[in-house]
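Here is a short report on selected helices in one protein model. Please keep the sequence and the 3D view at hand.

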Amino acid sequence: MMQKLRRCWAEVDLDALRDNLAWIRHRVGNGILVMTVVKADAYGHGLKQIAAHLMRSGTNVFAVANLAEAEAIRSVGQGWPILMLGACLPEEVDQAVADRVMPTVSSLEEARRFSEAGQRHGCPVPVHVKVDTGMGRLGVALGNAEEMVVAAVDLPHVEVVGLYTHYAAVEDDPEFSATQRKGFDGLVRRLRERGIPIAMVHVNNSGAMLQEPESLHNLVRPGLMVYGVLPPGRRPVNEALGHQVRAALSFKCRVSYVKEIPAGATLSYGRSFTAKHTTRVATLSAGYGDGYPRAGSNRAEVLIRGQRCAVVGKITMDQMLADVTHLECVEPGDEVAMIGRQGDEEIDANEVAVWCDTIPWEILTSISYRVPRVYRGGCAA
Ligand SMILES: *Cc1c(COP(=O)(O)O)cnc(C)c1O
């Protein structure tokens, strides 16, 4: 009944998510912790449902971008360590400590703030020190990192439980990645020689798991691959590896109207499409207000009745148009896959990203709040 009422929705296959996590675990091997990255509403899949499912599927640690996300995870299950990847704002420090979120610190000054908060709260604060090896976003400069970690370890109410860095171009640039990897490895070695134990040492996001298996250390931080999407890039990905994960999310809408237009007729705002011949056009019940990027106008494709159909004319807020001239039959109510599979055809987030001049991360996280997330599978652990 509800199914019939849906105009635009995202279907999330929880079994795919569980299998992807199992494959990641298999790939990295025994004894390596898996920190699943669930920032931005679990890459648009719905944070609470995904966090609860990943808990049942054996994730070790979560990574989030802010404290509200950490709170949402706590609301569905207690006890999992949570790393906040972003820097805490000064006024967030006490909240982070009260919520037992592991903060990322990039300077001794930040670490001191947490030590003072730890004293106020009467508990040591577990922190991860971030090292900037070339990303240039957060992190203490590699050259100052050893000294900073040594000083942070000496703070009375802080416990340095993690040390990490982040690749800037791991999908594209092997040389720069090797420089980052070697710099970080050297730091880890020097700290070890000084007898400073750090529980969680980590570098690898999804792309690095595929391209830089040497920087495995003892924890990985995958996001995109957990959701079954391969990070795109210039470095070739072993096809066999690529087929080990499957996309968890499908983005769907419906045909709402079908008509025929004569040669010379134009479509949608700005009249950017002109029919070259008699054309059958389907109006679809989704638009950029649902998070389908307007940049896909006149470039993207969707699946209807198992066939690819070109998106024609400008995508509007709530509706878009597709050329269905080549379909034998199409009717209002037909299901449309903007991302997903119909029969033998599949459109994935990477393909949509190319049409829309962006990256799959942005495609997934742009699916708007208006789009209900519908969950399938995931019953048996
Ligand atoms: C988002 C993020 C990740 C996950 O990256 P994917 O490419 O989605 O696997 C890992 N580490 C950091 C620091 C991040 O910001």
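The model is predicted.

**Helix H9**

Helix H9 runs over residues 174-193. Its 20 residues reach 28 Å from first to last C-alpha, close to the 28 Å expected at 1.5 Å a residue. At its start, a side-chain oxygen of Asp-173 comes to within 3.1 Å of the backbone nitrogen of Glu-175. Just after H9, Gly-195 has a positive phi of about 75°.

The buried residues of H9 include Arg-181, Phe-184, Leu-187 and Leu-191. Ser-177 and Gln-180 are also among them. The buried residues of H9 pack against these elements:

| Partner of H9 | Residues |
|---|---|
| Strand E6 | 125-132 |
| Helix H8 | 142-153 |
| Strand E8 | 158-164 |
| Strand E9 | 200-202 |

**Helices H4 and H5**

How do H4 (residues 47-56) and H5 (residues 67-76) cross, and at what angle? Their axes come within 9 Å and cross at roughly 55°. The two helices are therefore oblique to each other. H4 passes H5 in a right-handed crossing. On the H4 side, the contact is made by Leu-47, Lys-48, Ala-51, Ala-52 and Met-55. H5 contributes Glu-69, Ala-72, Ile-73, Ser-75 and Val-76.

**Ala-117**

Ala-117 sits in helix H7 (residues 108-121). Its relative accessibility is 0%, so Ala-117 counts as buried. Leaving aside neighbours within four places in sequence, Ala-117 contacts Val-93, Asp-94 and Val-97. Ala-117 and Val-97 are 20 residues apart in sequence, yet their C-alpha atoms are 7.0 Å apart in space.

Note on methods: Residues are numbered from 1 along each chain as its sequence is written. This is a predicted model: local features need pLDDT of at least 70, side-chain atom pairs count only at pLDDT 80 or more; totals for chains, interfaces and linings use all residues. Side-chain values use heavy atoms; hydrogens and water are left out. Helices (H or I, at least four residues) and strands (E, at least two) are DSSP runs, numbered from the N terminus. The expected span of a helix is 1.5 Å times one less than its number of residues. Buried means under 20% relative accessible area, exposed over 50%, partly exposed in between (1.4 Å probe, protein chains only). Contact means heavy atoms within 4.5 Å. A polar contact is a pair of N or O atoms within 3.5 Å; within protein, one must be able to donate a hydrogen and the other to accept it, and residues adjacent in sequence count only if both atoms are side-chain atoms. Axes are lines fitted to C-alpha atoms, for helices over the stretch in contact, and angles run from 0 to 180 degrees between N-to-C directions. Angles under 35 degrees count as roughly parallel, over 145 as roughly antiparallel, 65 to 115 as roughly perpendicular and the rest as oblique. A crossing is left-handed if the near helix is turned anticlockwise from the far one by less than a right angle, and right-handed if clockwise.
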